[in-house]
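Open the model in your viewer and keep the selection tool at hand. The stops below say what to pick and what is there.

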Amino acid sequence: MHRVLLTGGPALLRGAYARVIEDSTLLTVQAQIPDLASALAQLPSLRPDILLIDAMAMASSPRTTTLPSLRRAATRTTLAIIGETPAEKAGSLLRVGVTGILGQQMEAAAFVVALDLISRGGTVISSPSTVTRISATPPSPTLDQLSAGNGRYSPWSRPSPTTARWHACWASALSRSSPT
């Protein structure tokens, strides 16, 4: 089971990501640390398999300090960023060792599969068109189904219980935040 350290972004989003991760059989949440700098400082002691960073945490840090920090972090763990990441920043993130650039619009099952693949050395980049591309030979039937989703059949066409909970969590959050 891969240990995930969540950092950055609103607590509500981290909580939603944590719930999907905990509902999977492949991943577990090791900790949630709101501040990116604090999470980076705790990497040596926590030793997570994946550091999942909300893209909003990157926006609040100066680029000149963030990229070197991420380069150092990549020597200790696998790095993934989730959220809106401008295409022009993707190259510099990949060069410093980030192996996952995930869109916020991912379905729960694809999110779990992407994190599992990243933790095993793969690279996953979600395009702005909400299509997730996985650049590895699928080592499991789940990944075979994911890569074979050519429009005729998609393993995500019927919501799984995890996907249904993910949607329910988002719907609940949106209903609480909507003005009445």
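**First stop: a loop glycine**

Select Gly97, in the loop between helix H5 (87–96) and strand S5 (98–102). Helices (H or I, at least four residues) and strands (E, at least two) are DSSP runs, numbered from the N terminus. This is a predicted model: local features need pLDDT of at least 70, side-chain atom pairs count only at pLDDT 80 or more, and totals for chains, interfaces and linings use all residues. Residues are numbered from 1 along each chain as its sequence is written, and side-chain values use heavy atoms, with hydrogens and water left out.

Gly97 follows H5 and has a positive phi, near 115°. Gly97 is partly exposed, with a relative accessible area of 24%. The cut-offs: buried means under 20% relative accessible area, exposed over 50%, partly exposed in between (1.4 Å probe, protein chains only).

Now show the contacts of Gly97. Leaving aside neighbours within four places in sequence, Gly97 is in contact with Ala74 and Leu79. Contact means heavy atoms within 4.5 Å.

Step back into H5. Which residues are buried there? Pick Ala90, Ser92, Leu93 and Val96.

**Second stop: a positive phi without glycine**

Go to Arg47, in the loop between helix H2 (36–46) and strand S3 (50–54). Phi of Arg47 is near 50°, a positive value in a residue other than glycine. Most residues other than glycine have a negative phi. Buried or exposed? Arg47 is exposed, with a relative accessible area of 59%.

Select Gln32 in strand S2 (residues 27–33). Gln32 is partly exposed, at a relative accessible area of 37%. Not counting residues up to four places away in sequence, Gln32 touches Leu5, Leu6, Arg14, Gly15 and Ala18.

Show helix H1 (residues 11–23) with helix H6 (residues 108–119). They pack at an angle of about 75°, with their axes 10 Å apart. Axes are lines fitted to C-alpha atoms, for helices over the stretch in contact, and angles run from 0 to 180 degrees between N-to-C directions. H1 and H6 are therefore roughly perpendicular to each other, a label for angles of 65 to 115 degrees.

Which residues make the contact? From H1, select Tyr17, Val20 and Ile21; from H6, take Ala108, Phe111, Val112 and Leu115. By class, this contact of H1 with H6 has 7 nonpolar, no polar and no charged residues. Ala, Val, Leu, Ile, Met, Phe, Trp, Tyr, Cys and Pro count as nonpolar, Asp, Glu, Lys and Arg as charged, and the others, Gly among them, as polar.

**Last stop: the whole chain**

Zoom out. The secondary structure comes to 8 helices and 7 strands. Of the 180 residues, 42% are buried.

Colour by pLDDT, the predictor's confidence in each residue, from 0 to 100. The protein averages 78, and 67% of the residues score at least 70. Select residues 137–160: pLDDT is below 50 there, and beyond near neighbours in sequence this stretch has 19 contacts in the model. Then select residues 169–180, where pLDDT stays under 50 and the model has 4 contacts beyond four places in sequence.

Key: Parallel < 35°, antiparallel > 145°, perpendicular 65-115°, else oblique.
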